[in-house]
Amino acid sequence: MVQEYQSPVRVYKHPFELIMAAYVRRFPKCPLIPVFVDSEIISESQSEDGSTLITERRCTIDVDAPRLLKRIAGVDYLYFIQKNTLNRRDRTLHIEVHNETFSSRVIVRECCNYTVHPENEDWTCFEQTASLDMKSFFGFESTAEKIAMKQYASSIKKGKEIVEYYLRELEEEGITYIPRWTPAVISHTAAARLQLPPPSTAGVIPVNSAKDGLSNKDVDGPTELVAGSPDDKLDADYIRRYLGDLTPLQESCLIRLRQWLQETHKGKIPKDQHVLRFLRARDFNLDKARELLCQSLTWRKQHQVDYLLDSWEHPQLLQDYYTGGWHHHDRDGRPLYILRLGQMDTKGLVRALGEEVLLRQVLSINEEALRRCEENTRVFGRPISCWTCLVDLEGLTMRHLWRPGVKALLRIIEVMEANYPETLGRLLILRAPRVFPVLWTLVSPLIDENTRKKFLVYAGNDYQGPGGLVDYIDREIIPDFLGGDSMCDIPEGSMVPKSLYRTTEELESEENRLLTDSIYKSASIFKGAPYEMLIEIADASSVITWDFDVCKGDVIFNIYHSKRPPQPPKKDTLGAHGITSLGVVNAQLIDKSWVLGQDYSLVEKALTCREGESVQGSHITRWPGFYILQWRFHSSPACSASSLPRVDDVLASLQVSSHKCKIMYYTEVLASHDFRGSMTSLESSHSGFSQLSAATTSSSQSHTSSTISR
C-alpha cells in the first residue's frame, strides 16, 4: 500500500532570500539532525545570467532502526538523491528527492517548494508532498513501513525547528536583510552559491526532515491572508488556530481529504472543522473517513439539512413541552446544552409529534451546536470543535423506558453517530435513578466507543461534591435547579395531553421522512371480529414484547399458542365477484373448528383494557410454535347484563364500517440472549452504577408481565 503525505502551506514571515540563507546552512551536514550523517554535491549547473541554479546531492542517512533489521538488510546507511532548482528571478526553490538505496524494493519520493506568498512578497510559503511504496523488504515490509513513517513524521517537526534556529543565528550575526537578485548584481557563481541554501537532505527513510518548512515565530499572525491564497490551500497557522494541534500525518489526511472533496464533490463543501471530525471518528483512516463523509453529505443534501436552521419552524407543541435549551458554556469554552430529560414526557412527544419532528429537533440542536462552536472559537481564541450536554434525570421513571420511545431514541442515535461524529465533547448525566442502567444497556451498544468515554454519570447528589459539576462548569454558570447561582429559563415540562396525540395514519402521511418506517401500526376491532396477529417462534425462551394504546372502546387482550400453523385467511368471496363488501373485516387466524385445549391453548390470563389505557408487557415463550396475539371487542357490563341488545349494538351490527374499538400497537420478538428487559421487567433489573452495561433480566418468578398506564 502506498503511504502518502501532503503538508499544509507553512508561512514564514521572512523574505524568500533570508529563508534561503538560513536553509543553506544545514549543509553539508547539520548537527540538529542526528540521522543526517553527511552530504556531497554530485553536480551543479547555473544558467548564463545566473538566475537559475541546479544542484544535485547525495545525502547519507543513518536510519534509527533495530540492529537486526539493519543486519538483515545488509546496510548501515541509506542514500538519497536530492535535486534542487533555485530560480532567483521568480524567487522559488523546487526540491525533488528519491531513494538510491533499495530502489528496487522501496520507492520513496518527495517534492518540496519554497515560494513567495501570493499576497505578501516579504513572506515565504512552503509546501511538501511525499510518498512511500514498500514493495518488498526481506519479509519485514510492515515493520519497515512503520519505522519509515514514524521517523518521517518526527523529521517534519524537526525541520521547522532547524529553520528557526538558523534564522536566529543569522540575526545574531547581524544579518536581517538580503537584497533580491538582479542580473546586474548577481554575476559570479560564488555569489550565487552564497544565496542558495543547499538542497534539503533526504532525511530519514522517506525524506529529509529539513525539507519540512519553517514555522513562523508568531503563531497568531494574520493567517487570513493565507486563507485567501490561490487554490484555497490550508495554512499551518490556520490549522493551529482554528483546528488545533495535529500531527504532520493528521494534517496530511485533512488536506488530502479536503482536496479530494474539492476535485470530485459536486455541491457544498463542508467546513474544515467538520471534515476533521470525520477523520477523528475513523482514527484518521482516510478511506474510511471519506466513505463516512460521502454518505453523510448525500444524506444532508437529500434532506436539506444545511438549510434546517433557517427553514424549519419549531412546532408550538414542541416549544411548550420540550425541556431543553442552551445555557452559556463550560470551563473549556464549549457551548453547553441542558436537557431535563426526567421532566419531559417523551412518550407524549413521540405520540403527539412523531419521530420525524423529534429527529428534526435533534438535528437542529446539532446544527446550532456547530454554529456555536465556530462562534466560541472566535470569542475564546482557541479551537472549540465540540459541545457539552448536561442531562438531568431527576424524575426519570419506567414511562421514559417505553419501548417504542427507546427504539425511536436508538434510531436518532444512529443518525447522529453517522452524521455528527466527534461533535459531542462531554455528556454529564446527573441525578441518575435506579432504572438508568437499563436505559444505558439499551442505548450504549449503538454509541461509538470514543463517545462512550465522554459520558460521566452521577447518582443522587454526587455531582455537588469534588469531581462533580464544578470541575467542568463554573459555579456562576451552574443552573439554579442544580443548586447553582445561574437563572435557567429551561422549563420543567409537563404531560402532553392525550387529546394532542396523533393517529398512525397522520404520522405515516408526513412527507420527506428522515426515518423510513413507523413504530406503530393501527388496527380496528369489530364486535365478533377480533384482530389477531401471528408470531412464529423457532426457539424456546424467546421473548415477545408488546406495547399498545386503546384509542377507542374497550378490548380484551389474549395470547394463544398452537403447534400447528393457522390456515391462511379465506378470500373475500364478494370482492372476488366484483361486489364491494360492507366493510373491512379482520382475518381470523384461529379456525372456528379448533378446540381450545386441544388445537391451541391460552398461555396468559385474559387482560381487560379500557379506552385511553396504555399497555406494555412481555412474555417468555416456553415452547416453539405459533403464538397468536388477539384483541377482541369487550362489551360494557351494563350491556352484557341485559337480555335485550342496546340500540347502539344493533346499529353497529348492521353498519360494520363504524368500528367499535381501535388500537395502536407495537410488537417485537427478542432472542433470549439479546433480552435486556422490557418496560415491565425493570423492577427486577440490576442497577449498580459501577456496571452500567450489566445485562438486565426479567423476573424468574413469572414468564409474563404487563403494566397499564392511565
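This is a predicted model: local features need pLDDT of at least 70, side-chain atom pairs count only at pLDDT 80 or more; totals for chains, interfaces and linings use all residues.
## Exercises on helices, a sheet and confidence

Residues are numbered from 1 along each chain as its sequence is written, and side-chain values use heavy atoms, leaving out hydrogens and water.

**Exercise 1.** Describe how helix α12 packs against helix α13.

*Solution.* Let us begin with the geometry. Two packed helices are described by the angle between their axes and the distance between the axes. For α12 (residues 346-380) and α13 (residues 403-419), the angle is about 40° and the axes are 11 Å apart. Axes are lines fitted to C-alpha atoms, for helices over the stretch in contact, and angles run from 0 to 180 degrees between N-to-C directions. α12 and α13 are therefore oblique to each other; angles under 35 degrees count as roughly parallel, over 145 as roughly antiparallel, 65 to 115 as roughly perpendicular and the rest as oblique.

Next, find the residues. From α12 come Glu355, Leu359, Val362, Leu363 and Asn366, and from α13 come Ala408, Arg411, Ile412, Val415 and Met416. Contact means heavy atoms within 4.5 Å.

**Exercise 2.** Find the residues where α9 meets α13.

*Solution.* Start with the axes: helix α9 (residues 286-302) and α13 pack at about 120°, with their axes 9 Å apart. Then look at the side of α9, where Leu292, Ser296 and Trp299 meet Val415, Ala418 and Asn419 in α13.

**Exercise 3.** Work out which strands stand at the edges of the five-stranded sheet.

*Solution.* First, write the order: β9-β10-β11-β12-β13, an open sheet with mixed pairing. β9 (324-329) and β13 (455-459) each have a single partner strand, so one side of each is left without a neighbour in the sheet. Two strands pair if DSSP finds at least two bridges between them. Now look at one pair: β12 (residues 424-432) and β13 run parallel, joined by four bridges.

**Exercise 4.** Locate a stretch where pLDDT stays under 50.

*Solution.* Take the whole chain first: pLDDT averages 78, and 78% of the residues score at least 70. Then go to residues 189-231, where pLDDT stays under 50.

Conventions. Helices (H or I, at least four residues) and strands (E, at least two) are DSSP runs, numbered from the N terminus. pLDDT is the predictor's confidence in each residue, from 0 to 100.
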